[in-house]
Amino acid sequence: MPDVLIVEDEEPLSLLLRYNLEAEGYRVEVCARGDDAEVRLKESQPDLLLLDWMLPGISGIELCRRLRARNETERIPIIMLTARGEESERIRGLSTGADDYVVKPFSIPELMARVRAILRRAKPESVSTQLKSGDIELDRETHRVRRDGQEIHLGPTEFRLLEFLMSAPGRVYSREQLLDGVWGHDVYVDERTVDVHVGRLRKAINRGSMKDPIRTVRGAGYAFNDQF
Ligand code: CA
């Protein structure tokens with residue numbers, strides 16, 4: 001289970017990141033100040049650092065520079081979170097040694113994909129590419145889905161929807177949370193779109209007669225049952 005340290009002073013954003021990372025099984029810690037994070041990083045090193053650019057205490061960029069200058073921390077994978085439209089600063093970000101950067105506001109699915117990609121490079125054994133629940137197997141790398149050993153063909157949205165639901169079995173997601181998690185913040189789609197895609201996903205994975213792993217929770221949304 002990889003450890004992720006989030007250094008971010010905007011609390012709604014760090015909460016959102018924590019929620020999504022924990023749902024994928026990461027252990028998460030949050031620091032709201034650059035100087036606190038520096039002290040924290042002297043104790044032990046996480047597997048990945050999500051580092052905001054503008055922070056109280058010391059800036060993300062300065063912290064990144066200091067981490068790269070020390071033996072114990074020079075190899076921690078770092079994703080910088082930067083504000084939109086700081087092109088020259090972004091380049092500065094990479095030249096100080098960040099592995100990647102994302103521009104706010106970013107989509108959560110995209111950030112999660114980058115987190116997985118970086119951890120896979122840095123620590124291949126820590127990131128599981130397979131999700132399995134009951135007789136359903138999903139491979140994040142090859143985008144293959146099987147049920148009872150038989151391959152199931154899904155459209156890209158149905159695949160992401162199944163991946164999202166399967167990564168936190170039992171958890172009930174509202175339509176709005178599914179829109180954010182699967183489609184991303186920037187896209188405008190109606191909440192009924194979620195129902196349409198859940199319907200297609202059900203049809204594909206249940207093939208008419210198999211037990212339905214997706215539970216409709218009246219007035220709340222959808223969940224993936226861990227036992228079905
Ligand atoms: Ca900030």
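Domain bounds here come from an automatic or database domain assignment. This is a predicted model, in which local features need pLDDT of at least 70 and side-chain atom pairs count only at pLDDT 80 or more, while totals for chains, interfaces and linings use all residues. Residues are numbered from 1 along each chain as its sequence is written, and side-chain values use heavy atoms, with hydrogens and water left out.

**View 1. The two domains of the protein chain.** The assignment gives domain 1 (3-126) and domain 2 (130-224). Taken over C-alpha atoms, the centres of domain 1 and domain 2 are 29 Å apart. The contact (heavy atoms within 4.5 Å) takes 12 residues from domain 1 and 15 residues from domain 2.

**View 2. The area between domain 1 and domain 2.** Buried area is the accessible area (1.4 Å probe) that two parts lose on being put together, summed over both. Between domain 1 and domain 2 this area is about 990 Å², and carbon and sulfur atoms give 43% of it. Y19, A23 and P109 supply 44% of the area that domain 1 buries against domain 2, more than any other three residues.

**View 3. Polar links between the domains.** Three salt bridges are counted between domain 1 and domain 2; a salt bridge is a side-chain nitrogen of Lys or Arg within 4 Å of a carboxyl oxygen of Asp or Glu. The count of residue pairs in polar contact between domain 1 and domain 2 is four, with both residues at pLDDT 80 or more. A polar contact is a pair of N or O atoms within 3.5 Å; within protein, one must be able to donate a hydrogen and the other to accept it, and residues adjacent in sequence count only if both atoms are side-chain atoms. On the side of domain 1 that touches domain 2, the elements that give two or more residues are helix 1 (11-23) and helix 5 (108-122). Helices (H or I, at least four residues) and strands (E, at least two) are DSSP runs, numbered from the N terminus.

View 4. Helix 6 (residues 156-166) is largely enclosed by the rest of the structure, because nine of its 11 residues are buried. Buried means under 20% relative accessible area, exposed over 50%, and partly exposed in between (1.4 Å probe, protein chains only). Among the buried residues of helix 6 are F159, L162 and E163. E163 forms a salt bridge with R116, with the closest N and O atoms 3.4 Å apart.

**View 5. R147 and its surroundings.** R147 is in strand 8 (residues 144-147). R147 counts as buried because its relative accessibility is 2%. Leaving aside neighbours within four places in sequence, R147 is in contact with residues including D135, I152, N206 and F228. A polar atom of the R147 side chain lies 3.0 Å from the backbone oxygen of I205, and the R147 side chain reaches the backbone oxygen of K211 at 2.9 Å.

**View 6. N225 after strand 12.** N225 is found in the segment after strand 12 (221-224). With 18% relative accessibility, N225 counts as buried. The side chains of N225 and R215 are joined by a polar contact of 2.8 Å. Not counting residues up to four places away in sequence, N225 touches S133, D212, P213 and R215.

**View 7. C31 and C64.** A search of the whole structure finds zero disulfides, a disulfide being a pair of cysteine sulfur atoms within 2.5 Å. The cysteine sulfur nearest to that of C31 belongs to C64, 15 Å away. C31 counts as buried at 10% relative accessibility, and C64 counts as buried at 0%.
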